[in-house]
Amino acid sequence: SPYELLALRLDALRVEAALGGAAAALHACGLDVAPVEAGDRLLLDPACRRRLVALREEVRDRADRAAAGDAGLRHALRLLERMAIVLDEDDDDRRRRERRIEAIAREDRARAAERTERRVLASSEIDHASFPSVGWKAANLGEIERLGGAGLVPPWIAVTDRAFREALATPVAFEDEDGRAAAVPLGGAIDAVLARPGLDARRRSVRIRDLWERLRLPRALEREVAAAYAGLPFPAGAEEAGYVAVRSSAREEDTEGATRAGEFDTFLFVRGEVAVVDHVKRAWAGLWTERALRDREVSGGGGGPPGGGVIVQRMVEARVSGVLQTVNVAEGEHREIVINAGLGLGEGVVSGTVAADQIVVRKDAGVERGTPRFRYVVADKRERVVFDRTAGAGTARVETLYHQRLRAALEHVELVELARIARRLERAYGHPLDVEFAIEGDRLWILQVRPLATHLALLRETAERFPLSVPGRPFPGPALTEVPS
């Protein structure tokens with residue numbers, strides 16, 4: 001991929017810059033050392049440029065073959081836009097790409113306008129263009145089935161930003177700084193708490209959560225959410241029928257620039273119309289967790305006011321679950337998929353509270369043939385997270401049966417299927433992904449997909465510190481004697 005190419009080039013140039021800095025420091029100390037030569041760079045940049053140009057042509061061909069409305073078209077054009085950051089582009093090609101992107105944006109705005117007044121959307125109505133109404137997490141869920149195939153995501157609905165704004169406009173009992181009580185719109189009460197001096201992020205979060213707990217949502221909104229929940233398909237006769245996961249889908253999470261994973265609240269094994277409506281409120285209240293407030297303070301609130309959607313999704317009684325990254329970030333290896341798979345629900349694996357197997361799969365033709373090359377490290381999986389049947393809600397950590405502890409969590413056929421889907425999604429999106437998955441019985445479900453922000457860092461460093469040289473011009477990058485920051 002273009003990102004692998006940029007990563008390999010940057011590795012070489014960082015070493016070159018470090019050697020140059022070391023040589024300069026030794027020379028300043030009175031030691032004679034041979035200067036670092038740029039000879040290899042004279043070969044590296046032209047070769048890198050040629051390969052990037054070839055890759056760009058492949059992406060252009062893919063975009064040209066895609067029909068209007070094809071889900072892969074927007075992602076191919078987005079990749080061309082990203083490559084233009086580091087690779088010079090012909091004016092005609094640039095104008096053509098920009099016209100096509102604007103045409104898609106017009107279609108997105110038209111579809112988004114149709115959904116602006118909707119309180120609840122079915123999963124079939126949600127795609128990449130829906131993010132203003134439902135947030136990025138829900139938009140990505142809708143996009144998965146368009147890119148990876150139908151039936152990959154458990155049945156779900158999304159409560160929209162319109163419903164959230166309606167809740168913020170609903171009156172709630174609130175005491176001002178002088179102790180005077182009055183009914184004010186929830187949004188105004190939250191702003192007053194945030195503006196009150198002397199409160200740290202923890203106390204602000206507690207007070208805002210209390211406001212949400214005292215709020216009674218408009219009846220029409222409650223009825224609509226309850227009806228959409230009742231319409232979800234559940235396995236016939238299953239003991240877990242009716243249980244859903246309720247999770248936030250804020251506009252500020254799961255973006256390309258910042259995933260903010262784990263910052264907002266998720267509730268598992270929620271059942272019943274009253275409980276679902278109540279947990280939708282709790283998910284909205286979670287937009288003001290202590291961590292979220294602190295992050296907004298650090299970022300200066302540049303992401304705009306909180307908003308987005310809430311996902312209500314049929315609960316998966318997972319036998320195995322885990323997380324997958326389509327590149328090996330720890331080792332800087334773009335041709336490897338890294339999977340962490342544990343027993344039970346993914347909550348334990350994601351949080352790191354239970355042990356998980358680690359599998360590294362080579363991304364080559366063997367994955368498609370069913371003969372992947374992989375390294376499998378089996379962990380001693382002493383515990384797993386399961387549905388808390390005693391409480392009838394939520395989860396509990398329990399001991400794993402002895403014969404399961406040192407057995408591989410993933411069967412070979414499951415490993416192959418998971419790797420194939422991961423490759424398919426990564427190629428369609430055009431950038432590395434972080435994927436959460438679960439296996440229920442013998443069925444693989446994709447629960448979440450979010451971008452890995454590593455590709456943006458590669459683009460930024462290439463453009464700002466080590467730009468590609470242009471034939472006939474001097475190298476624009478840093479001097480060989482520069483010490484990397």
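Biologist: In which helix does Arg-74 lie?

Modeller: Helices here are DSSP runs of H or I with at least four residues, strands are E runs of at least two, and both are numbered from the N terminus. Arg-74 belongs to helix H3, residues 71–83. This is a predicted model, in which local features need pLDDT of at least 70, side-chain atom pairs count only at pLDDT 80 or more, and totals for chains, interfaces and linings use all residues. Residues are numbered from 1 along each chain as its sequence is written, and side-chain values use heavy atoms, with hydrogens and water left out.

Biologist: Is Arg-74 buried or exposed?

Modeller: Buried means under 20% relative accessible area, exposed means over 50%, and partly exposed lies in between, with a 1.4 Å probe and protein chains only. Arg-74 has a relative accessible area of 17%, so it counts as buried.

Biologist: Which side chain does Arg-74 join in a polar contact?

Modeller: A polar contact is a pair of N or O atoms within 3.5 Å; within protein, one must be able to donate a hydrogen and the other to accept it, and residues adjacent in sequence count only if both atoms are side-chain atoms. The partner of Arg-74 is the side chain of Asp-108, at 2.8 Å. Contact in general means heavy atoms within 4.5 Å. Leaving out residues up to four places away in sequence, Arg-74 touches Asp-108 and also Ile-104, Arg-111, His-128, Ala-129 and Glu-143.

Biologist: How many residues does the largest nonpolar core have?

Modeller: A nonpolar core is a set of buried Ala, Val, Leu, Ile, Met, Phe, Trp, Tyr and Cys residues joined through side-chain atoms within 4.5 Å. The largest has 43 residues, and Trp-212, Val-246, Val-280, Trp-284 and Trp-288 have the most contacts inside it. Helix H10 (residues 273–285) gives the most to this core, six residues. Apart from it lies another core, of 39 residues, including Ile-421 and Leu-433.

Biologist: Which strands does E8 join, and how do they run?

Modeller: Two strands pair if DSSP finds at least two bridges between them. E8 (residues 320–325) is joined to E9 by six bridges, antiparallel, and Gly-322 stands opposite Ala-341 in E9. Six bridges also join E8 to E14 (residues 433–440), again antiparallel; here Leu-324 stands opposite Val-435.
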